[in-house]
Amino acid sequence: DPSVLRGAFVGHTDAVWGLVYSGAHQRLLSCSADGTIRLWKATEITPALNIFNDNQEMGIPSSVDLVSSDPSLMVASFNSGHTSIFNMETRQRILTLESISSSCQINRVISHPTLPISITAHEDRHIKFYDNNTGKLIHSMVAHLDAVTSLAVDPNGLYLMSGSHDCSIRLWNLESKTCIQEFTAHRKKFDESIHDVAFHPSKCYIASAGADALAKVFV
């Protein structure tokens with residue numbers, strides 16, 4: 001619709017895997033199969049303000065998020081199994097999080113909304129929790145029967161939701177790291193199932209999107 005289209009941010013040369021918007025800075029972060037993470041000014045159609053990983057030293061970025069506890073930082077995960085925290089203004093890599101089996105692809109990284117913690121979803125069925133200050137692994141668990149594809153934390157920071165190619169959504173108590181609810185949400189298609197999950201920012205709704213071409217909202 002031309003009335004709502006502001007324009008196109010041009011720069012990536014391959015598929016864009018992830019987008020995250022910073023309302024505080026009016027910035028947009030994108031990560032792409034071309035190997036780069038780009039920082040854009042959301043209010044103007046201009047070239048990227050900063051480009052990260054342009055030499056692909058960390059691998060191909062699979063996911064990116066803003067670090068909630070420090071708005072100048074972002075956290076990015078890579079298909080190489082690495083997760084790193086970057087300063088968005090200086091482009092400096094601040095910290096690379098501890099990885100035990102570094103070759104396993106990470107499908108999603110998210111920042112906890114209130115604590116200095118990064119949470120990663122792995123191809124080998126694991127979910128891992130890291131301390132953003134030290135980079136140390138806090139907790140690791142086998143969370144699903146197939147690759148974990150998506151993560152979301154509720155706005156109050158009490159519950160973690162995960163989606164997987166095993167067709168299930170699981171809800172976890174973040175303090176005890178125990179699963180408190182599980183339900184099947186999508187059918188399999190070409191060995192894939194759930195691609196994304198989300199909490200509503202204020203209402204008691206959750207949503208999921210799957211390879212079966214459906215988006216669902218649950219109360």
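User: Is Gln 56 buried, partly exposed or exposed?
Analyst: In this predicted model, Gln 56 is found in the loop between strand 4 (50-52) and strand 5 (61-66). Its relative accessibility is 37%, and the partly exposed class lies between under 20% for buried and over 50% for exposed. Gln 56 therefore counts as partly exposed.

User: Which residues is Gln 56 in contact with, leaving aside its neighbours within four places in sequence?
Analyst: Gln 56 and Ser 208 are 152 residues apart in sequence, and their C-alpha atoms are 31 Å apart in space. A contact requires heavy atoms within 4.5 Å. Leaving aside neighbours within four places in sequence, the contacts of Gln 56 are Asp 34 and Gly 35.

User: How many disulfides does a search of the whole structure find?
Analyst: A disulfide needs two cysteine sulfur atoms within 2.5 Å. The cysteine sulfur closest to that of Cys 31 belongs to Cys 104 and is 17 Å away, so the distance is too far for a bond. Cys 104 is likewise in no disulfide. For the whole structure, the search finds zero.

User: Is Cys 104 buried or exposed?
Analyst: The buried class covers residues under 20% relative accessible area. Cys 31, at 0% relative accessibility, counts as buried. Cys 104 has a relative accessibility of 14%, and therefore it counts as buried.

User: What is the distance from N to O in the salt bridge of Lys 41 and Glu 44?
Analyst: Side chains of opposite charge can pair when their charged atoms come close. The structure holds seven salt bridges, and one of them joins the side chains of Lys 41 and Glu 44. Lys 41 is partly exposed at 27% relative accessibility, and Glu 44 is partly exposed at 37%. The N to O distance in this salt bridge is 3.2 Å.

User: How many residues apart in sequence are the parts that Lys 136 and Glu 98 tie together?
Analyst: Lys 136 forms a salt bridge with Glu 98, and the closest N and O atoms are 3.8 Å apart. Lys 136 lies in the loop between strand 11 (126-131) and strand 12 (137-142), while Glu 98 lies in the loop between strand 8 (93-96) and strand 9 (106-111). The pair therefore ties together parts whose separation in sequence is 38 residues.

User: Where does Asp 146 lie, and how many residues apart in sequence are the parts that it and Lys 188 tie together?
Analyst: The side chains of Lys 188 and Asp 146 meet in a salt bridge, at 3.1 Å from N to O. Lys 188 lies in the loop between strand 16 (178-184) and strand 17 (194-199), and Asp 146 in the loop between strand 12 and strand 13 (148-153). The parts that this pair ties together are therefore separated in sequence by 42 residues.

User: Is Ile 169 buried or exposed?
Analyst: Ile 169 lies in strand 15 (residues 168-173). Not counting residues up to four places away in sequence, Ile 169 touches residues including Met 161, Phe 183, Ile 194, Val 197 and Phe 218. With a relative accessibility of 1%, Ile 169 counts as buried.

User: Which residue's side chain is joined to that of Ser 150 by a polar contact of 3.2 Å?
Analyst: Ser 150 is found in strand 13 and, at 0% relative accessibility, counts as buried. Not counting residues up to four places away in sequence, Ser 150 touches residues among them Arg 108, Met 161, His 195 and Asp 196. The polar contact of 3.2 Å joins the side chain of Ser 150 to that of Thr 149.

User: Is Ser 193 buried or exposed?
Analyst: Ser 193 lies in the loop between strand 16 and strand 17. Leaving aside neighbours within four places in sequence, Ser 193 is in contact with residues including Ser 164, Cys 167, Lys 188 and Ala 209. Its relative accessibility is 0%, and Ser 193 therefore counts as buried.

User: What accessible area do Leu 158, Tyr 159 and Ile 180 have together?
Analyst: Leu 158 lies in the loop between strand 13 and strand 14 (159-164). Leu 158, Tyr 159 and Ile 180 form a nonpolar patch on the surface. Together, their accessible area is about 280 Å².

How values were computed: Residues are numbered from 1 along each chain as its sequence is written. This is a predicted model: local features need pLDDT of at least 70, side-chain atom pairs count only at pLDDT 80 or more; totals for chains, interfaces and linings use all residues. Side-chain values use heavy atoms; hydrogens and water are left out. Buried means under 20% relative accessible area, exposed over 50%, partly exposed in between (1.4 Å probe, protein chains only). A salt bridge is a side-chain nitrogen of Lys or Arg within 4 Å of a carboxyl oxygen of Asp or Glu. Helices (H or I, at least four residues) and strands (E, at least two) are DSSP runs, numbered from the N terminus. Patches are made of residues with over 30% relative accessible area and no salt bridge: like charges are joined within 9 Å, nonpolar side chains (Val, Leu, Ile, Met, Phe, Trp, Tyr) within 5 Å. Accessible areas come from the Shrake-Rupley method with a 1.4 Å probe; for residues, only the protein chains shown count as cover. A polar contact is a pair of N or O atoms within 3.5 Å; within protein, one must be able to donate a hydrogen and the other to accept it, and residues adjacent in sequence count only if both atoms are side-chain atoms.
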